[in-house]
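Trainee: I am new to this one. Can we go through it step by step?

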Amino acid sequence: MDREEAAAALRAAEGHRETVRAASRWPVLVLVALGCAVFATDFAVAFVSGPWTFVPVSWTAVCAIWVGWYAHRQSVRPRGYVRRYSISLGAGMILHVAYVLILSAAGLRGLPVPALVGSLVVAAPFFVGAYVESRAE
Amino acid sequence: MSIVAVLAAADQVEFAFVRDAVEITDPTLSKQVTTLEKAGYVEVIKGYAGKRPRTWLKLTPEGREAFVRHLAALRAIADGAGMP
């Protein structure tokens with residue numbers, strides 16, 4: 001093999017890598033969708049109580065079902081995405097529990113500013129996760 | 001080389017995606033994958049999407065190491081440090 005053949009083989013390998021990398025970006029969409037659903041759910045939860053809570057919660061449930069369906073259809077599973085995705089999901093869930101507890105304990109239900117700030121904080125790990133996924137090699 | 005390059009960029013890749021990316025036919029890819037599997041470089045995972053069977057291909061750690069070595073050798077040649 002001469003230098004030009006080796007360089008061509010390297011270029012071809014990089015081309016394939018780019019193709020797969022482009023097809024590996026789907027977790028970004030998943031995490032952004034989850035972040036938006038969690039934000040909308042948590043914001044709405046601050047203004048409802050009792051059985052009405054199930055209405056906003058159902059938005060996240062529908063989004064989670066869509067995520068499962070969408071992920072199952074993909075042809076490429078990126079390296080290490082489950083670990084990165086789990087960190088976002090775990091952090092989001094912990095923050096959600098803290099948000100609901102603080103909202104209830106401090107009597108902040110029905111106030112738009114705490115609801116907005118709290119919802120953004122809960123959704124932040126998903127958006128950070130999406131950013132990390134978008135830059136993943 | 002092309003098949004392994006595709007697999008190296010992800011954890012698992014579906015058979016059809018590799019076929020389209022490398023632009024070869026099903027039987028050709030199947031034959032190449034069998035050879036790579038026998039060498040211990042590729043793992044074949046069978047699954048289902050609903051009722052439709054799906055085949056996933058995954059590079060083993062040995063396959064990944066061999067690919068990295070191969071790339072290093074190619075770089076050495078391309079940079080003029082290897083054989084002319």
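Mentor: Gladly. Keep in mind that this is a predicted model. Let us begin with a strand pair: β2(B) and β3(B), residues 52-59 of chain B, pair with each other.

Trainee: In which sense do β2(B) and β3(B) pair, and over how many bridges?

Mentor: Look at chain B. There B:Tyr48 stands opposite B:Pro53 in β3(B). The two strands run in the antiparallel sense, and the number of bridges is eight.

Trainee: Which residue in the turn of that hairpin has a positive phi?

Mentor: Two residues lie between β2(B) and β3(B). One residue in the turn has a phi of about 70°, and that is B:Gly50.

Trainee: What pattern does chain A follow along the sequence?

Mentor: Count the elements of chain A. There are five helices and one strand. Read along the sequence, the pattern is α-α-α-β-α-α.

Trainee: Why is chain A described as more spread out than a compact globule?

Mentor: For 137 residues the globule rule gives 14 Å. The C-alpha trace of chain A spans about 75 × 25 × 20 Å along its principal axes.

Trainee: What share of chain A counts as buried?

Mentor: The share is taken over the 137 residues of chain A. The buried part comes to 26%.

Trainee: How are α2(A) and α3(A) oriented, roughly parallel or roughly antiparallel?

Mentor: Helix α2 covers residues 26-45 of chain A, and helix α3 covers residues 54-73. Their axes are 8 Å apart and the angle is about 170°. An angle over 145 degrees falls in the second class, so α2(A) and α3(A) are roughly antiparallel.

Trainee: How many residues of the contact of α2(A) with α3(A) are nonpolar?

Mentor: Residues from α2(A) include A:Val30, A:Leu34 and A:Val38, and among those from α3(A) are A:Trp59, A:Cys63 and A:Tyr70. No charged residue takes part, and two are polar. The nonpolar residues number 15.

Trainee: Is A:Val82 buried or exposed?

Mentor: A:Val82 sits in helix α4, residues 81-105 of chain A. Its C-alpha atom is 9.5 Å from that of A:Pro27, a residue 55 positions away along the chain. A:Val82 has 12 C-beta neighbours inside 10 Å, so it counts as exposed.

Trainee: Which element gives the largest share of the side of chain A that touches chain B?

Mentor: The contact takes 22 residues from chain A and 21 from chain B. Two elements of chain A give two or more residues to its side: α1 (3-23) and β1. That side divides into eleven nonpolar, five polar and six charged residues. The largest share, 13 residues, comes from α1(A).

Key. Residues are numbered from 1 along each chain as its sequence is written. Chains are lettered from A and ligands numbered from 1 in the order in which they are written. This is a predicted model: local features need pLDDT of at least 70, side-chain atom pairs count only at pLDDT 80 or more; totals for chains, interfaces and linings use all residues. Two strands pair if DSSP finds at least two bridges between them. Helices (H or I, at least four residues) and strands (E, at least two) are DSSP runs, numbered from the N terminus. The radius of gyration is taken over C-alpha atoms; the globule rule is 2.2 Å times the number of residues to the power 0.38. A residue is buried if 20 or more other C-beta atoms lie within 10 Å of its own, exposed if 12 or fewer, and partly exposed in between; C-beta atoms are placed from the backbone. Axes are lines fitted to C-alpha atoms, for helices over the stretch in contact, and angles run from 0 to 180 degrees between N-to-C directions. Angles under 35 degrees count as roughly parallel, over 145 as roughly antiparallel, 65 to 115 as roughly perpendicular and the rest as oblique. Two residues are in contact if their C-beta atoms, placed from the backbone, lie within 7 Å. Ala, Val, Leu, Ile, Met, Phe, Trp, Tyr, Cys and Pro count as nonpolar, Asp, Glu, Lys and Arg as charged, and the others, Gly among them, as polar.
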